[in-house]
Amino acid sequence: MTLSLNTGILDVSFCNLTEMPNFPKAELYVYNNTGITSFDWSFRGINQIHDFFDQLPQLTKLNISYNMLTSLPPSIFRLTNLKQLDFDYNNIALLPEDVAGLKSLEFISAKVNFLDKVPPELGELKKLSRIDITANFVFTIPSKVFQENSALTYLDFTACALTSLPNEISNLKNLQTLILDFNNLNYLPNTMSTMTSLKVLRMQFNNLTTLPLSISNLPIQILDLTYNQFLYYIDPRVELPYLEQLYISYTSLVKPWRCPLALKIYTVGPNVTDCSCSMPIRSTCQNNSDGFFWISRTSYKIMWRLFICPKHTHLYYDMLTVNNIYIE
């Protein structure tokens with residue numbers, strides 16, 4: 001266990017302690033007066049923490065991830081200066097409504113727990129900018145979480161079995177990254193047109209059948225639709241002028257879609273190679289690294305031939321060669 005008087009950090013991770021010490025009040029008084037701002041008790045395998053955090057009112061960062069905790073001590077939710085709360089990889093099933101007391105909270109991470117709901121009170125935390133609830137059992141998100149004037153810039157609800165998103169997500173005008181991989185979503189709300197800061201939208205392994213017109217003209221730069229096997233059609237009126245990377249591996253797209261000409265397409269599925277209009281199709285190759293497109297983090301290098309319709313600026317593509325090169 002180390003206590004840095006200069007930085008105000010109490011770090012008890014990766015040490016030989018096997019249970020949380022029951023600090024005497026006198027010792028906690030000394031800790032308090034040293035101005036402890038960071039407490040790290042991760043990777044300990046403990047299943048209980050003593051309820052002593054009232055004695056650390058200046059705490060701004062708390063990391064209790066990679067343990068076997070089933071609940072959080074009530075005094076944690078009275079830390080009005082706490083900015084970062086990380087309890088990833090535990091067995092916690094409930095985030096209580098008392099979380100509303102964390103008025104300074106900016107980041108909460110609860111990856112890989114047993115949460116079955118998101119407390120609506122998160123919407124009361126006006127400074128909260130990042131939420132990561134990856135790999136829990138959250139089927140729905142309360143609309144109250146997405147309050148107007150929210151500071152949220154990053155949301156990750158990967159692998160939460162979500163079946164829908166509330167229309168109030170449109171309130172997140174500052175949101176830049178929305179990650180919804182590995183859920184059961186078959187549509188996106190048609191209210192997203194006001195999410196004017198959104199740059200990254202990841203929807204891997206869902207059940208989308210199309211994209212809503214409401215995302216048109218949003219500043220999305222990365223759109224990942226990988227493994228949406230029921231995605232057959234995208235309305236040509238959906239225009240994403242800022243799009244740089246489009247991932248459509250293992251979708252069922254069979255219709256053309258208007259995209260920026262500078263777009264890099266990452267896909268490993270067959271698609272159309274002709275256009276319904278009477279304009280001649282201009283054949284070209286967009287090359288990257290000697291004529292190959294890199295498929296992000298896979299074992300394949302793909303060469304593509306792109307067919308561009310000069311009237312509609314649709315991109316058509318077919319696969320020329322697949323070479324198994326290496327595994328990253």
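Me: Hi! Where does S109 sit?
Reply: This is a predicted model, and in it S109 lies in strand 6, residues 107-109.

Me: Is S109 buried or exposed?
Reply: S109 counts as buried, because its relative accessibility is 0%.

Me: Which residues does S109 touch?
Reply: Leaving out residues up to four places away in sequence, S109 touches L85, D86, F87, D88 and D132.

Me: And which polar contacts does the S109 side chain make?
Reply: One is with the side chain of D88, at 2.7 Å. Another joins S109 to the side chain of K111, at 3.3 Å. D88 and K111 also turn up in a network of salt bridges, together with D132.

Me: Switching topic: how many salt bridges are there in the whole structure?
Reply: The search finds six. One of them pairs R78 with D54, with the closest N and O atoms 2.7 Å apart.

Me: What does that pair tie together?
Reply: R78 is in the loop between strand 4 and strand 5, and D54 is in the loop between strand 3 and strand 4, so the pair ties together parts 24 residues apart in sequence.

Me: What about R202, which residue does its side chain meet?
Reply: R202 and D181 meet in a salt bridge, 2.5 Å from N to O. R202 is in strand 10 and D181 in the loop between strand 9 and strand 10, 21 residues apart.

Me: Is D181 buried or exposed?
Reply: D181 is buried, with a relative accessible area of 2%, while R202 is partly exposed at 29%.

How values were computed
Residues are numbered from 1 along each chain as its sequence is written. This is a predicted model: local features need pLDDT of at least 70, side-chain atom pairs count only at pLDDT 80 or more; totals for chains, interfaces and linings use all residues. Side-chain values use heavy atoms; hydrogens and water are left out. Helices (H or I, at least four residues) and strands (E, at least two) are DSSP runs, numbered from the N terminus. Buried means under 20% relative accessible area, exposed over 50%, partly exposed in between (1.4 Å probe, protein chains only). A polar contact is a pair of N or O atoms within 3.5 Å; within protein, one must be able to donate a hydrogen and the other to accept it, and residues adjacent in sequence count only if both atoms are side-chain atoms. Contact means heavy atoms within 4.5 Å. A salt bridge is a side-chain nitrogen of Lys or Arg within 4 Å of a carboxyl oxygen of Asp or Glu.
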